[in-house]
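Have a look at the structure first, then read on.

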Amino acid sequence: MRIKQLLEEEKEDLFYVMNDYAQYFIGLKLGRANFGDDFSLARELTNEAQFKNLQYLSDYPIEKIYL
């Protein structure tokens, strides 16, 4: 229960992640960040730790997009 409370406190605004090719993050595939052109498949992220992990797993520079 305590972990859930910590995650709720850490929650920021929702954001999407895009790479240099204007593709959205859609999930992980074989331990690598997977990007695609279809916005309906894009994953919403909620905290900085998720973004930092994606930076490590991505082959290309990425950025946050707030909507």
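## The chain at a glance

Of this chain's 67 residues, 30% count as buried, buried meaning under 20% relative accessible area, exposed over 50%, and partly exposed anything in between (1.4 Å probe, protein chains only). A word on where this comes from: the model is predicted, local features need pLDDT of at least 70, side-chain atom pairs count only at pLDDT 80 or more, and totals for chains, interfaces and linings use all residues. Residues are numbered from 1 along each chain as its sequence is written, and side-chain values use heavy atoms, with hydrogens and water left out.

## Layout

You get 2 helices and 4 strands here, taken as DSSP runs numbered from the N terminus (helices: H or I, at least four residues; strands: E, at least two). Reading from the N terminus, the order is α-β-β-β-α-β.

Now for contacts, meaning heavy atoms within 4.5 Å. Take those between residues at least 6 apart in sequence: 55% of them join residues at least 24 apart.

## A bridge from loop to strand

How many salt bridges does a search of the whole structure find? It turns up 3, where a salt bridge is a side-chain nitrogen of Lys or Arg within 4 Å of a carboxyl oxygen of Asp or Glu.

One of them pairs D59 with R32, with the closest N and O atoms 2.3 Å apart. D59 sits in the loop between α2 (48-57) and β4 (62-66), while R32 belongs to strand β3 (residues 32-36), so the pair ties together parts 27 residues apart in sequence. D59 counts as exposed, at 56% relative accessibility, and R32 is partly exposed with a relative accessible area of 35%.

## A network around E48

E48, K52 and K64 are linked in a network of salt bridges. E48 meets K52 at 3.8 Å, N to O; both lie in helix α2, 4 residues apart, or about one turn of the helix.

E48 also forms a salt bridge with K64, this time at 2.4 Å, N to O. Since E48 is in helix α2 and K64 in strand β4, the pair ties together parts that are 16 residues apart in sequence. As for accessibility, E48 is partly exposed, with a relative accessible area of 27%, and K64 is partly exposed too, at 23%.
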